[in-house]
Amino acid sequence: MASLSSYVDFSQPSLWLSIASILFNPTFWNIAARSEYHNKTLTRLAGGNALYGCYALAATIFCLGLVRDAIYERALRFQPAHPALLGFVPQALAAGLVVSGNVLVLTSMWALGITGTYLGDYFGILMDEIVTGFPFNVTGSPMYWGSTMSFAGTAIWFGKPAGLVLTFVVFAAYSVALRFEDPFTAEIYAKREREQKAGSKKAK
Ligand SMILES: *[C@@H]1O[C@H](CO)[C@@H](O)[C@H](O)[C@H]1NC(C)=O
């Protein structure tokens, strides 16, 4: 059995650039969002308007995602293909992964809106209620799973084992990000609930 290194060319700088951009994105938006939450950094940069601040962050994250995807596809070009990943069955699997991944991402954005998708909670722009319908009845984090599936599908589509290694980096980066984000947003909503309860007691 051939080792991983004969199907993944670790000497390609483009591979490492792709790893760096995959790790950079969630790191960047978590630092930016927390800085906003604690110091209103982005709202201040947007002239005191939280909504504009959130839109600016959304546009930045979206563009960073496009850059990351472009770097990823470019990195795959410099990598060897594996014959087992070429052929009808892998191609069909690849197409299925990319399509269902995009369905998860797009329906999630549709359900949450721009501020709900792009960390609006950190700006004090909270959702009225937790969204529980599709795709959130399939997975709690459809953006992350959908994105990971698209990476995997692209890797298989081009028959590149290196793409699967990068997909694992995506998965790991999102898993770490979720460990920071989920408890933090849960606390933001719990705080609102406590304040609402206190408010309704006062009203009585
Ligand atoms: C999720 O909800 C959609 C409609 O809102 C439904 O069609 C689908 O079967 C549900 N899926 C699961 C796994 O419950």
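The model is predicted: local features need pLDDT of at least 70, side-chain atom pairs count only at pLDDT 80 or more, and totals for chains, interfaces and linings use all residues. Residues are numbered from 1 along each chain as its sequence is written.

**Overall fold**

The chain has six helices and zero strands; helices (H or I, at least four residues) and strands (E, at least two) are DSSP runs, numbered from the N terminus. Along its principal axes the C-alpha trace spans about 70 × 35 × 25 Å. Of the 204 residues in the chain, 27% are buried. A residue is buried if 20 or more other C-beta atoms lie within 10 Å of its own, exposed if 12 or fewer, and partly exposed in between, with C-beta atoms placed from the backbone.

**Helix 4 and helix 5**

The axes of helix 4 and helix 5 (residues 142-157) come within 7 Å and cross at roughly 155°. Axes are lines fitted to C-alpha atoms, for helices over the stretch in contact, and angles run from 0 to 180 degrees between N-to-C directions. Helix 4 and helix 5 are therefore roughly antiparallel to each other; angles under 35 degrees count as roughly parallel, over 145 as roughly antiparallel, 65 to 115 as roughly perpendicular and the rest as oblique. By class, the contact of helix 4 with helix 5 has 15 nonpolar, eleven polar and no charged residues. Here Ala, Val, Leu, Ile, Met, Phe, Trp, Tyr, Cys and Pro count as nonpolar, Asp, Glu, Lys and Arg as charged, and the others, Gly among them, as polar.

**Annotated positions and ligand**

In an unreviewed entry, UniProt places the feature "binding site" at Val99, Ser100, Gly101, Glu181 and Asp182. These positions are spread over 84 residues of sequence and also in space, up to 26.3 Å between C-alpha atoms. UniProt positions are given in the numbering used here, feature names are shortened, and annotations may be inferred rather than shown by experiment.

The ligand is surrounded by Gly133, Phe134, Asn137 and Val138, where a residue is near a molecule if its C-beta atom, placed from the backbone, lies within 6 Å of it. This shell has two nonpolar, two polar and no charged residues.

The "transmembrane region" feature, also from an unreviewed UniProt entry, covers residues 15-33, 45-68, 88-112, 119-136 and 156-177. Residues 45-68 are 83% helix and 0% strand, with end C-alpha atoms 25 Å apart. Residues 88-112 are 100% helix and 0% strand, with end C-alpha atoms 36 Å apart.

**Burial of selected residues**

| Residue | C-beta atoms within 10 Å | Class |
|---|---|---|
| Val99 | 13 | partly exposed |
| Ser100 | 17 | partly exposed |
| Tyr7 | 18 | partly exposed |
| Lys40 | 17 | partly exposed |
| Leu119 | 24 | buried |

**Backbone exceptions**

Most residues other than glycine have a negative phi, and most peptide bonds are trans. Lys40, in the loop between helix 1 and helix 2 (41-45), has a positive phi of about 55°. Leu119 lies in the loop between helix 4 and helix 5, and its phi is near 65°. Pro135 is placed in the loop between helix 4 and helix 5; the peptide bond from Phe134 to Pro135 is cis, with omega near 0°.
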